[in-house]
Amino acid sequence: MSNTTTGSVLRTRFTETFGVEHPIVQGGMQWVGRAELVAAVANAGALGCLTMLTQPTPEALVKEIARTRDLTDQPFGVNFTILPSISPPPYAEYRDAIIESGITIVETAGNAPTEHVEVFKPAGVKIIHKCTSVRHAIKAQTLGVDAVSIDGFECAGHPGEDDVTGLVLIPLTTERLDIPVIASGGIADARGLVAALALGADAVNMGTRFLCTVESPVHQQVKEAIVAASELDTELIFRPLRNTTRVASNAVSREVVARLEEGAVFEDVRHLVAGTRGKQVYDVGDTELGIWSVGQSQGLVHDIPTVGELVDRIVGEAGDIISGRLAAMTRTSL
Ligand SMILES: Cc1cc2nc3c(=O)[nH]c(=O)nc-3n(C[C@H](O)[C@H](O)[C@H](O)COP(=O)(O)O)c2cc1C
């Protein structure tokens, strides 16, 4: 049972296709997309996604899926991030573990999901492919995915190399695709949700906003740092390597930007960007310890609500904006 209390309901092709109450997705978040957060999102009537690569092995992922099921009986998904890597994780084994665990929704990201779509689809898994350009969205639709999440330049994590913001990217994508489109990047409240729907999207995806909730499994000081930060407090690292990543601005990320601009190569900054240092930020609560992803939307984050409060607030206020402020505008000419 969903624990939502709001009376507002927004029905879209997304809610119909994926069988969730609200058109809101919590996308994959390395170290953050664990059972506690994902179950809270599911119980709030939105779509939460466990982050596959946060689990060190396929067996650990199976256990995390079971742990999530202990906390919710609502549907949830798994984020399947495909990294460019010399020694890639055992993707096929993770994929089998997801299918055998009975997961029916997967969010792919990072690279074209071609061979994974060919296995997931016959197994009855619905796929949301997250990408950062119209051409990749069209390709994903051709591959047979069920929805596309389109990530604007504002987003946390990987915005791609085209630097097109959501206000242009979302309507361009919705006008080219037949399948549901999820607007992602820079969205943190009801205004963003209503704007995304107006641009033709069927749902929104949020990372940064869910990172800063009570159930998010990161240190309280990280959440307080997000509330205190502004939209200006992010850095784009790895630009010269064409693997741009939007992260929190701190001494480490600024040093990475400076050294790569001076001509350093990845090996020179590897120790600075190590995933284990980033994880320490969340465990210890010292936001200067390493690299951690956050989006420009942190400027819109002013509090640390429970996930249930957040989803209720966004859906309730979206209903108010649509039937109040916007409806009043259409009446003014009468
Ligand atoms: C802490 C954090 C970690 C993330 N890790 C991943 C990841 O592992 N895989 C992925 O596909 N997206 C990842 N993302 C991106 C989000 O799923 C989402 O696309 C993005 O946060 C949307 O932009 P927003 O933060 O402005 O809402 C991460 C985002 C954050 C904030």
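Which helix gives the most to the shell around the ligand?

1. Basis. This is a predicted model, in which local features need pLDDT of at least 70, side-chain atom pairs count only at pLDDT 80 or more, and totals for chains, interfaces and linings use all residues. Residues are numbered from 1 along each chain as its sequence is written.

2. Ligand shell. Helix 9 gives the most, with three residues. Helices (H or I, at least four residues) and strands (E, at least two) are DSSP runs, numbered from the N terminus. Strand 3 (77-81), strand 8 (203-206) and helix 9 (208-211) each supply at least two residues of the shell. The ligand is surrounded by 29 residues, counted when the C-beta atom, placed from the backbone, lies within 6 Å of the molecule. The closest are Gly27, Ala109, Gly207, Thr208 and Gly295.

3. Domains. The protein chain is assigned domain 1 (13-218 + 304-326) and domain 2 (230-293); such bounds come from an automatic or database domain assignment. Their centres, taken over C-alpha atoms, are 24 Å apart. Nine residues of domain 1 are in contact with seven of domain 2, contact meaning C-beta atoms, placed from the backbone, within 7 Å.

4. Helix pair. Ala190, Arg191, Leu193 and Val194 of helix 8 meet Ile314, Glu317, Ala318, Ile321 and Ile322 of helix 14. By class, this contact has seven nonpolar, no polar and two charged residues. Here Ala, Val, Leu, Ile, Met, Phe, Trp, Tyr, Cys and Pro count as nonpolar, Asp, Glu, Lys and Arg as charged, and the others, Gly among them, as polar.

Note on methods: Two residues are in contact if their C-beta atoms, placed from the backbone, lie within 7 Å.
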